[in-house]
Amino acid sequence: MARDLVSAQRFYAGALGWDFRPTHLGGGIVVAFRDGAPVAGIGSLGGTGGAPAVWTPYFAVEDADVTAARIHERGATMAVGPVAFGTGRIALAADPAGAVFGFWQGEVVPDWSVGRGSAPAWLELRTRDAFAAAIFYGEVLDWAGGRPGCCAVSYEHAHVVLRHGRDTVARISGGALEAAPDPEVRPRWHVHFRVPDLEAVVEAAVRLGGRTASPVQTSTVSRWVVLADPDGALFTVVAPQDGSA
């Protein structure tokens, strides 16, 4: 959600090479594409006053009312909805630790995915207690439910990892997985976008009014950095070590 839809499109087109198209998802929302594949949706905050510009994950569900009921049953918060929106129904919630997420019942843009191709590399939940979060989202969103096409959950390298087939969709990281949960961790979902050239993206983002919000970090296969757009919305860009995407 951006303060100014036109300005946001200008920033992300220049920094990440996205192009934008209107969709049936509802008025005031455009979908970003990279290399012809849908990457993200951007909407306008409009008259919502001091609401922050922020990237929020929305999970597709079969029945928004059932999902909302599961959230209430587990002591979490429904902030908005479910309400009719465009061709479907949409809602915004916060998990028991306070991390905000949304869900959507309705038609999904064709070829929308996470974890492969030009799509977002993955979603990451940074929270105090990864195992408690994994149980909550698993029960609310029916992860690891055993149905055909369902996601699988595993514990790998101090993270809870969610996969759809071979594609990593999300990771949940705790503040202190082997001891008491870290009270200093502010639970929040983060989105990671793939880019071919980390330095070129950082340079373009800063030139267009954004800023870096972390040092560049490195693993054996990739390099990444947290950026903030001109409205302050945080996102991570990740590039392969060999410079190919």
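Predicted model: local features only at pLDDT ≥ 70, side-chain atom pairs only at ≥ 80, totals over all residues.
1. Tyr 12 is buried, and Trp 18 is buried as well. A pair of aromatic rings is described by two things, the distance of the centres and the angle of the planes. A search of the whole structure finds 18 such aromatic pairs.

2. A second pair shows another arrangement. The rings of Trp 55 and Phe 193 have centres 5.3 Å apart, but with planes at 70° the pair is edge-to-face. Trp 55 belongs to the loop between β3 (37-43) and β4 (58-60), whereas Phe 193 belongs to strand β12 (residues 188-194), so the pair ties together parts that are 138 residues apart in sequence. Trp 55 has a relative accessible area of 15% and is buried. Phe 193 also counts as buried, at 2% relative accessibility. Because buried means under 20% relative accessible area, both values qualify.

3. Which residues form one aromatic cluster? The members are Phe 11, Tyr 12, Trp 18, Phe 20, Trp 55, Phe 193 and Phe 235.

4. The next point concerns an open sheet. It has three strands in the order β1-β2-β3, and their pairing is antiparallel. β1 (19-22) and β3 stand at the edges with a single partner strand each, so one side of each has no neighbour in the sheet. From one strand to the next, the twist averages 35°. Six bridges link β2 and β3 in the antiparallel sense, and Arg 34 has Ala 37 in β3 as its bridge partner. Helix α1 (residues 5-16) lies across β1, β2 and β3, and runs at about 150° to β3.

5. A charged side chain also meets a ring. Arg 21 lies over the face of Phe 33, at 3.8 Å from the ring centre.

6. Asp 35 is not a glycine, yet has a positive phi of about 55°. Asp 35 sits in the loop between β2 (29-34) and β3, and is exposed, with a relative accessible area of 64%. Asp 142, likewise not a glycine, has a positive phi of about 65°. Asp 142 is in the loop between α3 (130-141) and β9 (152-156).

7. Strand β12, which holds Phe 193, is largely enclosed by the rest of the structure, because five of its seven residues are buried. Strand β8 (residues 122-127) runs antiparallel to β12 and is joined to it by five bridges. Within that pairing, Trp 122 has His 192 in β12 as its bridge partner. β12 also pairs with β16, here in the parallel sense and over three bridges. Phe 193 stands opposite Val 237 in β16. Strands of a sheet pair through backbone hydrogen bonds, and the pairing can be parallel or antiparallel.

8. Strand β15 (residues 222-228) is mostly covered, with five of its seven residues buried. How many bridges join β15 to strand β16 (residues 234-240)? There are seven, and the two strands run antiparallel. Ser 222 has Pro 240 in β16 as its bridge partner. The hairpin of β15 and β16 has five residues between the strands, and in it Gly 232 takes a positive phi near 95°.

9. Strand β14 (residues 217-218) pairs with β15 in the antiparallel sense, over two bridges. Gln 217 stands opposite Trp 224 in β15. β14 and β15 form a hairpin, with three residues between them.

Technical notes: Residues numbered from 1 in each chain as written. Heavy atoms only, no water. Buried < 20%, exposed > 50% of the residue type's maximum accessible area, 1.4 Å probe, protein only. Helix = DSSP H or I, 4+ residues; strand = E, 2+ residues; numbered from the N terminus. Pairing = 2+ DSSP bridges. Phe/Tyr/Trp six-rings, centres within 6.5 Å; stacked < 30°, edge-to-face > 60°. Lys NZ or Arg CZ within 6 Å of the ring centre and 35° of its normal. Axes fitted to C-alpha atoms, helices over the stretch in contact; angles between N-to-C directions. Contact = heavy atoms within 4.5 Å.
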